[in-house]
Amino acid sequence: MRRPSPTHRRRRSGRIRALLSLGLLLGITQVGTLASWTDSATVQGGPISSGTLDLRVGTTSATELIGQGGSWTHPALTLLAMAPGESVAAPLTVGNGGSVALTYNATVVTSNNDLYNLATPGLQLTVVEGATVGNTGIQANNNRIGTCTGGTGTSLTNKDVNMTASALHPGAVSLASSATRSYCVLAKLMPTSPNSMQTKTTTLTFSFSAQQ
Amino acid sequence: MTTRARSLLRETTLTIGAGLGLLCLLLAVVAPLFGIRLLVFESGSMAPTVEAGGLALSRTVPADELAVGDIVSVSPGSRQRITHRIVGIDRAGGQALLTLRGDANQAPDPDPYPVTEADRVLLHVNHLGFVADAVASPYALLLTGALVVGVLLLAFRTRGPREGAGRHRGAVAAVAVVVALVGAGAAVPSRVTATEAAFTDSAAVSASVATTTVPVPATFTCGGLGLFSVTFNWAPVPGAFDYTLHYGAGGSQTVTVSGTSRSIVAVISGGTAWVVANKRFPLGGSTTWSSAASNTRSYTVAVVSICS
């Protein structure tokens, strides 16, 4: 039996190691597949962004709720002493204060069903996107009339709001960074609201949720 | 460079090259077998646990091994892969409905994810995602290709001046370059894509709606007493359409009065009386809201009537 010389052995070992280093190439190409765990966006050089997502709200400009979460009481939608037939319109603006585009939707609920009655409706809510807000009359005369003129209707049109959440849009809508969307929110106490709805208070809550 | 130093360099390069190559081979073959994945965090909604640019190693586990608090990566349908922490699990059979939330998010993701298995994060290191991303670039591949070519030349080149040696070396180099280029070509279409640790944000806008109250007549008094009669007077309520006077036993009888005074004439009788104001509104049509009851009076009508 022929024993390989030490020189031969060293050279063979060197060649084996060199061939093994070819595995590096395989490994590198594998990062592409091994780390390709998403089905959509192909990210090119420098894909990692520490972007921020910040949904903001406000009346005519989205200056409230900067940063994560929070709740805000709409001053123009704090409706006192609503009499049957009265309505009040107020602007509500949603903005993207973050650095990346987002999609959002909102739901609205009431804190109780005191102003909800399917047979004799009480509080009805209408939200129109991009409409002009108008209000006439005064509280003391029980003759306030709010209007949303123009714009595009939403899923909330003459909606008998109650404790079950109702969506604002049929699906999430997109909002580019720094962009805003304005809404006209019209709250109306139906003319036929029954006497049982006298001296009742309910809180409307719009819950916006945004995703990257 | 001395021969000894050159030899040491050669040996070191070959050994490191072989070691890394073997590691890559193992990773390429073993990782898919055990469901091991590398996750690059594209955004920072898992901060401060994992920041944007973090790299995580995950393993696919069945749904029943998942627990609240685990960081999992799910790839829901056509949507972007999401890696967030489990905050709620609803189990049904082998399926689980996962509620996920990013550590940096205040609210959970809007919709729960139905899964039969998920990639549980085993360990994670910040910043390494940038390295993985760089390694998967075609430039890195070319560089690696060049390195491998160098190593091959080092191992296969023949020593000393010999006829044909240059051509031999050239052939090996050509093969290596072709391998590198093919590798690069394969890698270019499959660049690193990343898991999105999607940010969410929520905002609640609240508004209170209160309805009006019809005022109660401020006073309700006994007026003049007569033979078999008693009179009640009350303070007017602004805007009242009319008033309802309750009288008789326990106030069981009513009469609608447009003014603010009313006499009850009867044979011997008595009872309790009070009044409520009824109001209609400019925009409410015939809808009538009534006030609460005024204070009450007890009375008796007879030859000598009494009211108090």
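Which handedness does the link of B:Cys222 and B:Cys307 have? In this predicted model, the link is left-handed, with -60 degrees about the S-S bond. The sulfur atoms of B:Cys222 and B:Cys307 lie 1.8 Å apart. B:Cys222 is partly exposed, at 26% relative accessibility. B:Cys307 is buried, at 17%.

Over all chains, the structure holds two disulfides. Chain A contributes the pair A:Cys148 and A:Cys184, with a sulfur-sulfur separation of 1.9 Å. The torsion about this S-S bond is about -75 degrees, so the disulfide is left-handed. Distant parts of the chain are again linked: A:Cys148 belongs to strand S8 (residues 145-149) and A:Cys184 to strand S13 (residues 180-189), 36 residues apart. Both A:Cys148 and A:Cys184 are buried.

In chain A, A:Glu129 pairs with A:Arg181, and the closest N and O atoms are 2.8 Å apart. A:Glu129 lies in strand S6 (residues 123-129), whereas A:Arg181 lies in strand S13, 52 residues apart. Strand S13 of chain A thus carries A:Arg181 as well as A:Cys184. A:Glu129 is buried, with 17% relative accessibility. A:Arg181 is partly exposed, with a relative accessible area of 21%.

A salt bridge also joins the side chains of A:Asp54 and A:Arg56, at 2.7 Å from N to O. A:Asp54 has 6% relative accessibility and therefore counts as buried, the limit being under 20%. A:Arg56 reaches 21% and counts as partly exposed.

In chain B, B:Arg85 and B:Asp103 form a salt bridge, with 3.0 Å between the closest N and O atoms. B:Arg85 is placed in strand S4 (residues 82-92). B:Asp103 is placed in the loop between strand S5 (95-101) and strand S6 (113-115). The two residues are 18 apart and link distant parts of the chain. Both ends are partly exposed: B:Arg85 at 23% and B:Asp103 at 24%. Elsewhere in chain B, salt bridges that share partners join B:Glu65, B:Asp70 and B:Arg120 into one network.

The surface of chain B also carries a nonpolar patch. B:Leu22, B:Leu26, B:Val29, B:Val30, B:Leu33 and B:Phe34 form this patch, with about 580 Å² of accessible area together. One of these residues, B:Leu33, is found in helix H1 (residues 3-33). B:Leu33 is exposed, with a relative accessible area of 67%.

Conventions:
Residues are numbered from 1 along each chain as its sequence is written. Chains are lettered from A and ligands numbered from 1 in the order in which they are written. This is a predicted model: local features need pLDDT of at least 70, side-chain atom pairs count only at pLDDT 80 or more; totals for chains, interfaces and linings use all residues. Side-chain values use heavy atoms; hydrogens and water are left out. A disulfide is a pair of cysteine sulfur atoms within 2.5 Å. Helices (H or I, at least four residues) and strands (E, at least two) are DSSP runs, numbered from the N terminus. Buried means under 20% relative accessible area, exposed over 50%, partly exposed in between (1.4 Å probe, protein chains only). Patches are made of residues with over 30% relative accessible area and no salt bridge: like charges are joined within 9 Å, nonpolar side chains (Val, Leu, Ile, Met, Phe, Trp, Tyr) within 5 Å. Accessible areas come from the Shrake-Rupley method with a 1.4 Å probe; for residues, only the protein chains shown count as cover. A salt bridge is a side-chain nitrogen of Lys or Arg within 4 Å of a carboxyl oxygen of Asp or Glu.
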